[in-house]
Amino acid sequence: MYTDKVLDHFTNPRNVGEIEDASGVGEVGNMKCGDIMKMYLKINDETNVIEDVTFKTFGCGAAIATSSMSTEMIKGKSIDEALNLTNRAIADALDGLPPVKMHCSVLAEEALKAALLDYQKKSGKNLGLNEDDFEDWDEE
Amino acid sequence: MRRVYLDHGATTPVRKEVIEAMMQVHSEVFGNPSSIHSFGRPARKLIEEAREKVAQAIGADPKEIIFTGSGTEADNIAIIGGARANQKKGKHLITTVVEHHAVLDAFKSLEKEGFEVTYLSVDGEGAVSVEEFQNALRDDTILVSVMHANNEVGTIQPVEEIGKICRERKILFHTDAVQTVGKVPVNVKEINCDFLALSGHKIYGPKGIGALYMRRGVRVQPLYHGGGQERKLRPGTENVANIVGLGVAIEHAVAEMPAESARLEKLRDRLIEGVLGSIEETRLNGPRTKRLPHNANISIEYIEGEALILSMDMKGMAVSSGSACTSGSLDPSHVLMAMGLTHTTAHGSLRMTLGHSTTDEDVDYVITELKPIVDKLRAMSPVWERFQKGLPIH
Ligand SMILES: Cc1ncc(COP(=O)(O)O)c(C=O)c1O
Ligand code: FES
């Protein structure tokens with residue numbers, strides 16, 4: 001049911017772990033099935049480039065693979081680019097997910113945005129993120 | 001790579017003797033069992049021989065056996081057919097919260113027809129209480145269904161006692177014995193049941209065949225309509241090969257049971273002790289002793305079951321889980337939740353069901369290979385991190 005890319009990222013997840021002096025940390029829970037994902041960002045305050053990113057995930061194969069893929073997609077990218085990353089783009093990069101697993105990719109997008117929100121608070125920069133946006137997430 | 005199949009609760013490989021018998025039917029006996037000519041007669045004879053084997057295996061009379069298309073179908077005919085045929089006497093039914101969906105969903109559909117259903121709860125080991133059952137009985141109770149043993153955690157239910165009470169009160173009693181035939185003794189007289197469902201593919205027989213025991217004199221309303229086959233309760237030309245396969249399978253399963261169940265029980269205990277002993281924060285789900293001899297269900301805390309299944313699969317081990325992430329419906333196993341497990345603990349549940357192919361080496365392999373897999377998944381788990389830091393787990 002999973003593509004080779006999903007299985008690859010599940011078996012060899014990239015960027016697992018914590019960042020001790022992270023610029024932003026986001027932890028989110030999946031309302032659907034009770035899974036949890038945590039993302040750590042190291043951001044260069046001057047260039048706004050995400051220099052390092054790691055994750056930890058308690059969830060299924062798709063949740064782990066989307067976490068891993070999302071870290072690969074934003075590492076070395078700017079905050080703006082990261083803000084534009086959608087769960088669909090992550091799923092597409094993995095050559096697709098089974099429909100019942102699309103909500104797991106939402107977890108990855110949500111964790112990233114939560115980490116960026118945390119950075120917004122800590123850095124005082126306005127990234128246009130709003131606490132209220134974390135209430136309901138689109139799963140389509 | 002070693003391949004270890006530990007999902008015999010899901011299905012079993014078809015045994016050699018069954019394949020041979022079925023091949024012979026397919027190649028030599030194509031006649032319609034309802035035809036009276038020389039092509040049909042051998043087919044009829046084979047069906048009746050199989051019926052005798054099934055009857056003998058569970059202490060029934062051949063006239064009391066109906067072949068069905070699956071265990072699910074046997075459950076549905078007994079429950080829905082039995083309830084509808086007796087609704088003049090009352091509309092109250094009793095079952096348990098840990099039944100297989102073949103039973104639970106049949107009761108759900110009866111609720112829509114105006115029946116009232118009481119769902120008995122279970123204790124922390126998955127067992128129903130006879131006392132709670134007695135308290136649930138009413139004057140208008142007409143049918144009770146309690147599974148013989150649970151497919152997820154292996155808990156064996158006190159069906160004999162429940163059956164006895166039902167018999168005294170003239171209430172129909174059905175038991176789903178899909179998981180127990182060939183594992184523990186199954187005798188319809190000792191269980192005091194009016195109906196009993198069993199299935200071919202859990203006992204090294206073919207898929208898509210089951211049987212329903214229906215005690216002499218018991219009436220049900222047919223769910224299907226057509227020819228006169230199987231006492232009009234399962235009309236349609238019989239699947240002769242599958243029926244023959246079920247007969248051969250159940251005959252062998254019951255004959256080998258004393259030795260095989262004892263062998264599996266030893267392997268199962270070693271597996272349970274090995275896993276609980278080598279991996280911290282693990283727990284056995286279900287009872288230690290009053291459980292199916294081939295069932296081990298263990299929760300490995302702070303990791304998720306689907307990730308665990310995938311990782312084990314990559315090392316050749318086939319297992320299953322009650323995790324929400326494997327259910328498709330995104331709810332964790334209704335059985336584990338009814339036993340009072342938290343969401344997180346149900347998430348990390350691992351069911352290993354042993355069978356013919358299971359050896360000592362397989363058990364050693366699982367015990368050795370499981371720990372590094374769990375370590376890797378825990379290293380990735382934010383919940384494990386919380387646990388280790390002594391933070392609350394939400
Ligand atoms: C307890 C129980 N009842 C019913 C069934 C359904 O049997 P079948 O697959 O033959 O429909 C199963 C098997 O999954 C089972 O474990
Ligand atoms: S995290 Fe639960 S289904 Fe993917």
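This is a predicted model: local features need pLDDT of at least 70, side-chain atom pairs count only at pLDDT 80 or more; totals for chains, interfaces and linings use all residues.
Residues are numbered from 1 along each chain as its sequence is written, chains are lettered from A and ligands numbered from 1 in the order in which they are written, and side-chain values use heavy atoms, with hydrogens and water left out.

The C-alpha trace of chain B spans about 75 × 55 × 35 Å along its principal axes. Chain B has 13 helices and 12 strands, where helices (H or I, at least four residues) and strands (E, at least two) are DSSP runs numbered from the N terminus. Of its 394 residues, 59% are buried, that is, under 20% relative accessible area, with exposed meaning over 50% and partly exposed in between (1.4 Å probe, protein chains only). Among contacts (heavy atoms within 4.5 Å) between residues of chain B at least 6 apart in sequence, 72% join residues at least 24 apart.

Strand β10 (residues 295-300) of chain B has 6 of its 6 residues buried, so it is largely enclosed by the rest of the structure. In general, side chains in a regular strand alternate between the two faces of the sheet. On one side of β10(B), B:Asn295, B:Asn297 and B:Ser299 are buried, as are B:Ala296, B:Ile298 and B:Ile300 on the other. Strand β10(B) runs antiparallel to β9 (residues 282-284) of chain B, to which 3 bridges join it; strands pair if DSSP finds at least two bridges between them. Here B:Arg283 has B:Ser299 as its bridge partner. A further 5 bridges join β10(B) to β12 (residues 349-353) of chain B, again antiparallel, and B:Ile298 stands opposite B:Leu350 in β12(B).

In chain A, 3 strands form an open antiparallel sheet in the order β1-β2-β3. Its edge strands, β1 (24-29) and β3 (50-58), each pair on one side only, and the twist averages 15 degrees from one strand to the next. Strand β2 (residues 36-43) of chain A pairs with β3(A) over 8 bridges, with A:Thr57 as the bridge partner of A:Met37. Helix α2 (residues 61-74) of chain A lies across β2 and β3 of chain A, at about 175 degrees to β3(A); axes are lines fitted to C-alpha atoms, for helices over the stretch in contact, and angles run from 0 to 180 degrees between N-to-C directions.

An unreviewed UniProt entry lists B:Gly71, B:Thr72, B:Asn151, B:Gln179, B:Ser199, B:Gly200, B:His201 and B:Thr237 under "binding site"; such positions are given in the numbering used here, feature names are shortened, and annotations may be inferred rather than shown by experiment. These residues span 167 residues in sequence, and the farthest two C-alpha atoms are 30.6 Å apart, so they do not all gather at one spot. B:Asn151 lies in the loop between β5 (141-145) and α6 (159-168) of chain B and is buried, with a relative accessible area of 15%. B:Thr237, in the loop between β8 (210-214) and α8 (240-278) of chain B, is partly exposed at 48% relative accessibility.
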